[in-house]
Amino acid sequence: MQTPLFDFGPPRLSVSEVNAHIRQLIDTDDILQDLWLEGEISNWRPASSGHIYFTLKDSAASIRCVIWRSTATRLRYRPKGDGEAVALYGRVSVYEAGGAYQFYVNDIEPLGVGALYVQFERLKHQLAAEGLFDDEHKRRLPPFPHRIGVVTSPKAAALRDILNVLSRRFPLAEVTLSPAAVQGADAPPQIVAALKRLWAQSPPPDVIIVARGGGSIEDLWAFNDETVARAVYASPIPVVTGVGHETDFTIVDFVADRRAPTPSAAAEVATPDREELKSYVAGYAFQMETTIRQTIADRRAAVRQMEQQLARLSPQMQIDTRRQQIDDILTAMYRVQKHTISLHREQLSGQMAQLETLNPKATLARGYAIVQKGETVVASTNDVSAGDAISVLVSDGAFDAEVRQKQRIEG
Amino acid sequence: MTEKTMSFEEAFAKLGKILQKLEAGDLPLSESLALYEEGVSLAKYCNSQLDAAELKIKTLSAADDDTLFDET
């Protein structure tokens, strides 16, 4: 560098000197060394080195930012990418060799819940379009899950609630807790790792509950994470989610095989109720008893029927039957006989009446007499001669007479 | 598998099948009675499983992950 002869006019400096000077100015500026910077992220580029480069802008200007790898791993909040409104805590510094200034990020806060909702809606639409929420993909939960996996924070009340419900409803189960943070930037990868751990168990759980207690949208944010959603979708084991309160819906709730409104409800949904099972068993036992009683009663009735049939065919029965038949025949014969006898009687009295009309007594009563000579009845004058002794029978008696003379009537 | 090592689910399902067979009714009486006895025994077993059960809990540790990820 040439030293001027006189010290007037602007300094003559090299690039390095200028850049170093700028750096020094910025490094010693109170504001620029400790500030929160607000704006919208664009050109978000995580590098393979682990550093993240992006631009923060507002409506009129932008500034280049960098998050070093070491900071990136312990961020409280990790932005998803472009369009996100954030507040960055850090300082401005100068990259001397390139003559550029950058903002070095030490911490990030999401700006405003509105930004979060926008992100939520965007991811929800994207995953829905991909089919991650489709009903056809959702599986039925096993009716008797003997092994239950639980992904949640080991320190939280949610776990206690879940264990209480499981203990009451289905204590036959074996619970495997796969712990994970449920809040903060670490939560999504921990939740995914916790799921993988459960999938790798041998034997694996029959169902997995993913849960955390209530909180703000920021608190629940890990369950809106895309990697977590995709992991739940890819789970070979059915997943039940119980995140937040009744009205909280996170992306994993849509992807899960079944959503429950709270951690306790998730435990209920995943298991049958012991009391209900006991009443089913009692019902079966009752029905079995009723059926077997009926079967026995039916058999008894069949035996009784057989006995009756047998009795009908016994020798005694046959004798009695024959006796009865003989009686019936005798009765019939007697009836016929009576009838025949009365018929004959009728005939007889008829004949007797007829006979009566031919009775000579009636003739005698009319004045006729029967003349007999000895034993012979005199019917003609030729039967007697004068002087014969005859007897004369009249209606009320007889007398002797002698023939005096006879006379024949011609005609 | 003896009844003693049967899971609740298996015993419960078997109980249901026995009930079906009994209700269908075309069995010889000795078989009905034998099935009924087996059913009663299964119902007792189911109830004892439900009454005696205590929730078992185990916790996985992140240390197991190293072997996990090595396999992928």
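**View 1. The contact between chain A and chain B.** The contact draws 31 residues from chain B and 31 residues from chain A, two residues being in contact if their C-beta atoms, placed from the backbone, lie within 7 Å. The model is predicted: local features need pLDDT of at least 70, side-chain atom pairs count only at pLDDT 80 or more, and totals for chains, interfaces and linings use all residues. Residues are numbered from 1 along each chain as its sequence is written, and chains are lettered from A and ligands numbered from 1 in the order in which they are written. On the side of chain B that touches chain A, α1, α2 (29-52), β1 (56-59) and α3 (65-71) of chain B each supply at least two residues. Helices (H or I, at least four residues) and strands (E, at least two) are DSSP runs, numbered from the N terminus. The most, 10 residues, comes from α2(B).

**View 2. The open sheet that includes β1(B).** Six strands pair in parallel in the order β10(A)-β9(A)-β8(A)-β6(A)-β7(A)-β1(B); two strands pair if DSSP finds at least two bridges between them. β10 (258-260) of chain A and β1 of chain B stand at the edges with a single partner strand each, so one side of each is left without a neighbour in the sheet. Strand β7 (residues 174-179) of chain A is joined to β1(B) by four bridges, and A:Val175 stands opposite B:Ile57. Five bridges link β8 (residues 207-212) of chain A to β9 (residues 239-243) of chain A, where A:Ala211 has A:Gly242 as its bridge partner.

**View 3. Helices lying across the sheet.** Helix α4 (residues 157-169) of chain A lies across β6 (147-152), β7 and β8 of chain A together with β1 of chain B, and runs at about 165° to β6(A). Helix α8 (residues 263-270) of chain A lies across β6, β8, β9 and β10 of chain A, at about 155° to β9(A). Axes are lines fitted to C-alpha atoms, for helices over the stretch in contact, and angles run from 0 to 180 degrees between N-to-C directions.

**View 4. The largest nonpolar core.** Among the 62 residues of this core, A:Val150, A:Ile162, A:Ile209, A:Val232, A:Val252 and B:Cys46 touch the most other members. A nonpolar core is a set of buried Ala, Val, Leu, Ile, Met, Phe, Trp, Tyr and Cys residues joined through C-beta atoms within 7 Å; buried means that 20 or more other C-beta atoms lie within 10 Å of a residue's own. Helix α1 (residues 8-24) of chain B gives the most to this core, with seven residues.

Methods. A residue is buried if 20 or more other C-beta atoms lie within 10 Å of its own, exposed if 12 or fewer, and partly exposed in between; C-beta atoms are placed from the backbone.
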